[in-house]
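Colleague: I have the model open and would like to go through its architecture. Could we take it one point at a time?

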Amino acid sequence: MPWTLIRPFADQPRHYFDEVALLELARSIRQVGQLQPALVCPITDPSHQFELIDGQRRWHAVQIAEIDTLRVEVREVSGPEEQFLLSFVANCGRANNTPMEYAHGCGRLRENGATLQEIADTIGRSVAFVQQHLVFLDLHPDLQARLEPKVGKAEQMTKQMALLLAQFSHEEQITLFKRARGQTAAKAKLTIVQAMQAQTRRTRQTHDEPGPSSTGRKPTAQGMAGLGRSSRPSEILGVIRTAVGGLLTSIELWQARGDLDRLGEAARDAPSTATELLKETRALQKKLDAIVAEAERAFR
């Protein structure tokens, strides 16, 4: 059908389109044709008859190639949420999705009531992958932007640094990022790990102080009961950190769930600080599994 009858899906999870890759796709379509149809749904709109579910790159590419039509498959959807889900799943099956596209997509499914395991199964990824990308939602917006390729390699931030920084308040994130920026990767990680250790010491001191705040830590179910389906990772981590008596920092929790290799790398770069974290994480692995399972049950 004429591509002019189709409009993009404004709420689709993919926002970044590499210009060079688009030109390459347009050249390929011009040479051999459009091999894979786009997916569209009927809409009621004076200017358009259909809206994209999947295939916006192809929609752009046929225009660049000066081709008048787009090959499509038409599918009925029940509403915006099903359309978003189909679009997100289709995009997850391809390369070059940005970390924040995954983060916002997983966050949207989480807000709609999906468990971590359900999200992982839906997009064909691990639970650890979903957890880590949800953590990115706790980053300051300026730092989220540094995970996007459009800022340029010189301004980009690594996922590992993002996971570390996300455990602090927005103000602390900016301060630590500025302090670590320009350092080697090993020194930057050391800077943030030291800040995390200081945070852990402060938490331990708080829990060691007598008073009402120290009497409500026994059953984790009390803390979990206050969590809802839309609770952010920082809220969940706050409850879990209290439940284990302040022994863990947030990053230890998430990385203990299938990402110990990152802490291992940190241990090699900064053995005097990170080795202790690694040992502590492994020692508390079983306790973490039980607490995370309890948190997961609270969402169901």
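Colleague: At what angle do α5 and α6 pack?

Modeller: This is a predicted model. The contact is made by L116, Q117, I119, A120 and I123 of α5 and by V127, F129, V130, Q131 and L134 of α6. Their axes are 8 Å apart. α5 is roughly perpendicular to α6, and the angle is about 110 degrees.

Colleague: How many helices and strands does the protein have, and what share of its residues is buried?

Modeller: There are 16 helices and four strands. Of the contacts with a separation of 6 or more, 70% are between residues 24 or more positions apart. The protein exposes about 15,300 Å², with carbon and sulfur atoms supplying 51% of that area. Of the 300 residues, the buried share is 48%.

Colleague: In what order do the strands of the sheet lie?

Modeller: The sheet is open, has four strands and shows mixed pairing. β1 (6-7) and β4 (72-74) each have a single partner strand, so they stand at the edges with one side left without a neighbour in the sheet. The order is β1-β3-β2-β4.

Colleague: Which residue of β4 stands opposite L39?

Modeller: Strand β2 covers residues 38-42 and runs parallel to β4. Three bridges join these two strands. Opposite L39, the residue in β4 is E73.

Colleague: Which strands does helix α3 lie across, and at what angle does the helix run to β3?

Modeller: Two helices can be described against this sheet. α2 (residues 56-64) lies across β1, β2 and β3 (50-54), and runs at about 120 degrees to β3. α3 (residues 80-92) lies across β2 and β3, and its angle to β3 is about 45 degrees.

Colleague: Which residues of α2 are buried, and what covers them?

Modeller: The buried residues in α2 are Q56, R58, W59, A61 and V62. After the helix comes E66, with a positive phi near 60 degrees. The cover over the buried residues of α2 includes β1, α1 (19-32), β2 and β3.

Colleague: Why is W59 classed as buried, and which residues does W59 touch?

Modeller: W59 is found in helix α2. The cut-off for buried is under 20% relative accessible area, and W59 is buried because its value is 10%. Its C-alpha is 9.1 Å from that of T69, a residue ten positions away in sequence. Leaving out residues up to four places away in sequence, W59 touches W3, I6, P8, L52 and L70.

Colleague: Which members of the largest nonpolar core touch the most other members?

Modeller: This core has 40 residues. α3, α4 (99-111), α5 (116-123), α6 (127-135), α8 (159-165), α9 (170-180) and α10 (185-208) each supply at least two of its residues. The members that touch the most others are L139, M157 and L165.

Colleague: What does L139 touch, beyond residues up to four places away in sequence?

Modeller: L139 belongs to the largest nonpolar core. M157 and L165, also named for that core, are among the residues that L139 touches. With that sequence limit, the list is Q144, L147, M157, A162, L165, A166, H170 and Q173.

Colleague: How many residues are in the other core, apart from the one that holds L139?

Modeller: That other core lies apart from the core of 40 residues. Its members include I29, A38, F50 and L70. The number of residues in it is 13.

Conventions: Residues are numbered from 1 along each chain as its sequence is written. This is a predicted model: local features need pLDDT of at least 70, side-chain atom pairs count only at pLDDT 80 or more; totals for chains, interfaces and linings use all residues. Side-chain values use heavy atoms; hydrogens and water are left out. Two strands pair if DSSP finds at least two bridges between them. Contact means heavy atoms within 4.5 Å. Axes are lines fitted to C-alpha atoms, for helices over the stretch in contact, and angles run from 0 to 180 degrees between N-to-C directions. A nonpolar core is a set of buried Ala, Val, Leu, Ile, Met, Phe, Trp, Tyr and Cys residues joined through side-chain atoms within 4.5 Å. Buried means under 20% relative accessible area, exposed over 50%, partly exposed in between (1.4 Å probe, protein chains only). Accessible areas come from the Shrake-Rupley method with a 1.4 Å probe; for residues, only the protein chains shown count as cover. Angles under 35 degrees count as roughly parallel, over 145 as roughly antiparallel, 65 to 115 as roughly perpendicular and the rest as oblique.
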